Number of protein chains: 4
Amino acid sequence: MSGNTFGTLFTVTTFGESHGPAIGCVIDGCPPGMTLSEADIQPELDRRRPGTSRHVTQRQEPDTVEILSGVYEGKTTGTPIALLIRNQDQRSKDYGNILDTFRPGHADYTYWHKYGIRDPRGGGRSSARLTAPVVGAAAIAKKWLFEKYGTTFKGCMSQLGEIAIPFESWEHVPNNPFFAANASLIGRLEDYMDALRKDGDSIGARIDVVAQNVPVGLGEPLYDKLDAEIAFALMGINAVKGVEIGAGFRSVAQKGSEHGDALTPEGFVGNNAGGILGGISTGQDITASIAIKPTSSIRTPRPSIDKNGQPIAVETFGRHDPCVGIRATPIAEAMLALVLMDHALRNRAQCGDVKVDTPALR
Amino acid sequence: MSGNTFGTLFTVTTFGESHGPAIGCVIDGCPPGMTLSEADIQPELDRRRPGTSRHVTQRQEPDTVEILSGVYEGKTTGTPIALLIRNQDQRSKDYGNILDTFRPGHADYTYWHKYGIRDPRGGGRSSARLTAPVVGAAAIAKKWLFEKYGTTFKGCMSQLGEIAIPFESWEHVPNNPFFAANASLIGRLEDYMDALRKDGDSIGARIDVVAQNVPVGLGEPLYDKLDAEIAFALMGINAVKGVEIGAGFRSVAQKGSEHGDALTPEGFVGNNAGGILGGISTGQDITASIAIKPTSSIRTPRPSIDKNGQPIAVETFGRHDPCVGIRATPIAEAMLALVLMDHALRNRAQCGDVKVDTPALR
Amino acid sequence: MSGNTFGTLFTVTTFGESHGPAIGCVIDGCPPGMTLSEADIQPELDRRRPGTSRHVTQRQEPDTVEILSGVYEGKTTGTPIALLIRNQDQRSKDYGNILDTFRPGHADYTYWHKYGIRDPRGGGRSSARLTAPVVGAAAIAKKWLFEKYGTTFKGCMSQLGEIAIPFESWEHVPNNPFFAANASLIGRLEDYMDALRKDGDSIGARIDVVAQNVPVGLGEPLYDKLDAEIAFALMGINAVKGVEIGAGFRSVAQKGSEHGDALTPEGFVGNNAGGILGGISTGQDITASIAIKPTSSIRTPRPSIDKNGQPIAVETFGRHDPCVGIRATPIAEAMLALVLMDHALRNRAQCGDVKVDTPALR
Amino acid sequence: MSGNTFGTLFTVTTFGESHGPAIGCVIDGCPPGMTLSEADIQPELDRRRPGTSRHVTQRQEPDTVEILSGVYEGKTTGTPIALLIRNQDQRSKDYGNILDTFRPGHADYTYWHKYGIRDPRGGGRSSARLTAPVVGAAAIAKKWLFEKYGTTFKGCMSQLGEIAIPFESWEHVPNNPFFAANASLIGRLEDYMDALRKDGDSIGARIDVVAQNVPVGLGEPLYDKLDAEIAFALMGINAVKGVEIGAGFRSVAQKGSEHGDALTPEGFVGNNAGGILGGISTGQDITASIAIKPTSSIRTPRPSIDKNGQPIAVETFGRHDPCVGIRATPIAEAMLALVLMDHALRNRAQCGDVKVDTPALR
C-alpha cells in the first residue's frame, strides 16, 4: 500500500498511467444485490472525459468502461468490481524537453526525487486522467446511496479566475461546458478562455459541491470525521489547494451567536455547518468548496532546471486543459460520493443500519 | 476501528472523555533507540493546556503526562508508547440543561443521533480536551523528525475575528497568549477578547503553520498525498472549517505563469505550492492555514430543541474558551508533525531511507 | 502501526511490558448502548491470571481492570474503551544473566536484532502477560455476541505432553487447574506436572476451542477468510506452533466423499469443515485446535551465546509457567471471540444486519 | 474493503471470477527501480496453471499475463502494477444442477447465505483459479527479495492421502507433476491418482514450504507476528485446514529442553522454531507445512439440499482437480513470499534498512 487505495470499507484501488496501455480500478466492499451494468457508469465518465469542448484538452478518449468482475446476471455479487478503461490517444512524442527537466508547479520534480524514476509521458501517474477510474467507481456509490437513502450529488463552478459565477439554478449546469449554474455568464466565460488559450496561459477556479438527503450520523470521530475525510478526498484531487466546509473561511470573522445554526422543530436555521457537526452528518445538505490552481503545463516558456541542476527554459507542448477546474466538477462530486458511501457502510458496521425513519431535522 | 486512530505507520490511538477519569493515547510504530522521557512531552502539553490566561477556559488541568510503556532505560524500544493524563478538574454539574438539549453548532445533536447515547459532560469525546493526547504524541514525532532531518514546526494566529495579525517574527509567538507573531497588536487583541467575554459571545480565528527542513519525497500519490493528509489532519481539529495549502484560495485568481514556482539552481522562486507538488514534498517549507469557527458553547441563550423535538432556549454555563482558535496553534503544529512523521516512515518503507544528501532544492 | 492492533473494525490496541508500570488496551469500534462495567470483564481476567495453582507461575498479580473511557452511566457510548491494569509484582532482579544473553526458544535474540534494544525484564513485550488486555477486550466481544446472537465460547486442554485428555464434558473444565474436560485424568496430570517442575523442565500442550451459535455468513473472502483470520489470531498467541480448523491435518488422508459434510434438511452431517466453508461461517460450531510449545524459560542450563556472539550457558531463574498451555484456554477463546466480533461488524457493514431468522442449518 | 486485499505495505488486491471475462490484481507498494517484465512473472504462473498433466483439471488456460501499469522502460516506477489475465476456457454449461443446490464441503452454501446471490460458474470467486493473480504478484515479491537479500523459496508435497513422501532432494520437484522431492515414489503416486480419478473421488495432501536466506528481524509483534501472518496467508489458500510452523504439532509432546534450539557461535542447533522466535524471523530457514483437504467437487453423488431446503443428490460434472494439493506448492510458496515481502517493507519503515551485514546466526 503506497496510497493508491481510497476508502476504508468501500475501497477503490486505482492503477494506470496517462499514456500506458490502460487505467482502471478495483472496487471492494460494494453491497451485493444491486443492479449494475456499464450503462450506469458510462454517463458519469462522459461528463468528465476530455475533448468535449474547445476549452478543455483536445485529447480524444472515449473512456469506454468495461466491468471485468463482481457482477453476475446484472447484479453485484459482493465480490470486487474491476473497471477497465483502455487508453486510446497516446501521443508521447509531444512531451519534448520535459523528459529531463521539471515543469514549474508540476509533479515532475517530486516524483523524480521520491522514486528515482518517473514516467514522463503525459505526467504518468500524476495526470488528471487518473480521475477517470474514480469517477467510474463513484457512479456505483452514487447509485447505491440514491437507492438506499435518496442521496443526490450536485456541483458547479462558482468562480473562474477573477470572474465570480453567482448561483442561479442547477438546471444550467449540464447546458454549458463550464458546469456553471448561471446561464447569463457563459459568453463571458467563453471569451475569457479563448483569450487565455491564445496567450498560452492557464487559470484557477473554484468549484462548489453539495450532497442532499444525507442520512444523519455519518462520520467517525475523532479522526475519521466526515469533514476531515471530505477535506482529504477533495484536497487529493489534482491541483486543489484549498477546501472549505459550510461557512469555511468566513467562519474566521463570525461570532458564535451568528455561526451556530439554530435548531427548531422545523429544521436547522442556516447551514454554516455545511451539514456536519462534531465530524458527523446532521442530515442537512453537505456543502463544500474547493480552490483549484491554474494548470501547470502551459505553453509560455518558464525558467526551470534539468536533472543535473542546470538552468533551462521549459516550454510545454502537447494537449492540456487551460483550466483544470473546468472538468473538476464531476470529479469533486465523485470524491464526495465515495466518502459518504464509505461512511454509510462504516456507520452501519458499528451502529447498525441507519434508521431513516428517525425524525431527524433536515 | 471507528476512527480513533490517526496515521498509517506512526499511529496514535486516543481514548477518553472530557470529564471521564483519564485521557490518553497509544503510539505505535515509533522507531526504536530514541531518547525519550516525560520531559520531552510535557512542554508541548503545557503550551496547549487550559487556564494559562484570562482569554481561555479557566478549567484547571495540569495535564501531567505519564509514560506507561515503550520506553526502557530512557530509550524507545519500538513497542507501543502509552501516554496517560488523569483529568483533575471535572465539574459535571455546570452543564445544566444541555443534558437533554442540543447546543447549536455543537456535536450534541449528531452524537445523539449516531449513537443513541452521549456523554454530555463537557462535550464528552467531542471536547477539544481530546487534543491533549495528540499534542503529546506529536512531541515524540517532532523529536524524531528533528533528530533525523532537522525538521522544525512553527505556528501562529494570523487573524482573530476581523483583526488581521500581520506576521512580524516567530520570536513574538511564545510571548503572548494568542500565539501572535506580532507584538504591537497584543493590546488590541486583549481588549477585543475582554469585550467579547463580557458579551458572552465567541469568535473565529485563522492559524498558520509551517514545517521547515522537510525531506523531499514525502507523500504517497494518488490518494494519500501529503497535502490531502494534511487537509485531513487539520480539518479534523475541533472547529476547523477550512484548510489551505500554500497559495490556497488565492490560486483561484492566479494564472499558471504566476502560480507555478520557478526552479533555479539556487532553489525555488516563491512557494505558491506550499512545499508540495503532485502530493509529494518538495523540500521547501510546508505551509498551511486553517479557519477556526467561533466556539459553539456561549453564554448567550440560543433557540434549539430538546430530545423530543420540542423548542427550548439553550444557555451554556460552565467554562469555555471564547475563541477556540487561541489554543489551536500547538494543536495544528501537532497534527502537521504527525502527518510528516507518518510519511517519513511510509516513504522509507517503499523507497528506502531518504537520501538527505540529495542535492534537493530548498 | 507496528502490529500492536488486532482487528479491522472491532480493534484492540494493546500496550505495556511484563515489568513496566502498567499494561492495557484501547478497544475501538464497540457498538453503543451495551451495558458494561468492570464486573463484566474481571471474571475473564481471573480465569487467565497467574498464581492460581502450583502448576502455573507464582507471580502474584490480581489483574484488576479499570475502565478509563467509553462507558457512560453503565453503557457503552461507541467511543474508545480503554482498559488499564497496573502491574503489581515486578521482580526484575530475578532475571540474572539473561540481560546480555539469549534464552534458546525465546524472543530475546530476535527483539535484540530487530530493534537494537530490548526490555529484558520478564521478556518485556514478548511476555505472555500481554495476553491479559486481550482477554479483557474479548470479554466485551463475548458479551455483545452473546446478547446479539447467543454465541458462546468454550475451550479445553486436549493433550498435555504425551497425555491425551479425551473429552468428557464441558462441566469439568472450571473444576481443575488444567481446563481439562475430563475429571478422571486430573490426578495423573498433577503428578506429571509435579515431576516436571522438579526436573526444571517444561512441556507442550494442545488446546481445543469452540464457538457455538455463530451466525451464518461471517468471513470476508478472498483473503480475510474466517479460517485465515482465526489461524492468524491463534498462531499469534505466545508459543503456538500449529493451528487446525475442523478436521485439520486429518484432512490429508481423507477422501472427498468422506470429508465433505453432507447437508440435509435437518442440518449438516458431521463437521469436518469446523464450521467454515469458503472462508465463511456455516452456522455450525466453529472448532479449532492449537499446538503450544513448551515454555522456553526453564531452570535447566542451556547452551547459548551472548550479545558478542560468545558461547555461554543460560539458566533462567524467576517465576515461569512450566506449561504455558495450562493458562492458554481462556486466551484461545478470547482470540476466537475477537475474530468473530470483528467479522460480525464487517459483515453487517457490507451485507446489512445478519438475518438471524434465515432458516440456516445448524 | 471486504477482504480482497492481501498485505499491509506490499498489497495485492485481486479481482475476478473463475468464468468471468478476466482475473487479475493490483500490486501497490512495490519499490521503484526494479527491472520487471512479463517474462519475470509468466514462469511462476506456468508452474501453477491447469492442464499440465492428467492428474489435474483439464481446463485449458494459458494464463498469459499482461502488465497494465507501474512499469516504465522495463523498470518499476513505484506506482501500482496491474496484472491482467483473460479467462479463455469458460464452460459454464458443465455446472448442471449446482445452480440451485449446494455441494457438500463447498462455498456454495455460505456465499449464498452471506450475499443472497452467488456466481455459480466454476465456483465464481471461491474457485482456486483465483490463486493465479496471487502467484503473479508473488513473482514480483520473490524477485525483489532475491535481489535485495538473496532470499529463495522452495516447496514440495510431503504427503498424498496416506502416502508419505520422504524428502530426498529439491532437484526432483520440477521433474514430476506432484512437486514431490522424491523420485522413487512417482510411479506409486501416479497409480494412486489414476485409481482415484476412476472412482470419481478426491484426496487430501500435505505441502511443505521453506524460505531461505531470510533477513533477521522480520515480523511485527504483538499481533502481526511473522508466524501469525504466515498462518493467515497459508490458511487462506483454498482447501487448507491446518498450518504448522517449525515443529508444529510435534511441539505438544516436546519438553523445553528438547524444543528450544540452542544458539552457538556457529549458528542455531536445530530448527524447531521454524525460523521464527517471538514472532520475528531469526535468519534461519522459515519452514511451514499445510494440510489440504480433498477437493469438494467430486463426481460421486452426495446428499445435499437445494435453495428451498429440500433434499437432493448433488453430482458434479465439469473439470476439477482430483487433488487440489497437487497444484498447491507454487501457491503456498507465493503466499509465503508475499508475507516476507510485506514485512521486509514494514521492518524498514520502523527500524530502517535491514543491516544484512549484522553477524546474525544462520
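## Helix 5 of chain A

A residue is called buried if 20 or more other C-beta atoms lie within 10 Å of its own, exposed if 12 or fewer do, and partly exposed in between, with the C-beta atoms placed from the backbone. In this predicted model, local features need pLDDT of at least 70 and side-chain atom pairs count only at pLDDT 80 or more, while totals for chains, interfaces and linings use all residues. Residues are numbered from 1 along each chain as its sequence is written, and chains are lettered from A and ligands numbered from 1 in the order in which they are written.

Helix 5 of chain A, residues 226-235, is mostly covered, with ten of its ten residues buried; helices (H or I, at least four residues) and strands (E, at least two) are DSSP runs numbered from the N terminus. Among the buried residues of this helix are A:Leu226, A:Asp227, A:Phe232 and A:Met235.

## Binding-site positions from UniProt

An unreviewed UniProt entry lists residues under "binding site", including A:Arg125, A:Asn238, A:Thr295, A:Ser296 and A:Arg319. The listed residues span 195 residues in sequence and their farthest two C-alpha atoms are 43.8 Å apart, so they do not all gather at one spot. Such annotations may be inferred rather than shown by experiment.

## Two residues of one loop

A:Thr295 lies in the loop between strand 16 (286-292) and strand 17 (302-305) of chain A, and A:Ser296 is found in the loop between strand 16 and strand 17 of chain A. A:Thr295 counts as buried because it has 28 C-beta neighbours inside 10 Å, and A:Ser296 counts as buried with 26.

Contact here requires C-beta atoms, placed from the backbone, within 7 Å of each other. Leaving aside residues up to four places away in sequence, A:Thr295 touches residues including A:Ser202, A:His320 and B:Gly256, while A:Ser296 touches, among others, A:Arg103, A:His106, B:Gly256 and B:Gly260.

Notes: Two residues are in contact if their C-beta atoms, placed from the backbone, lie within 7 Å.
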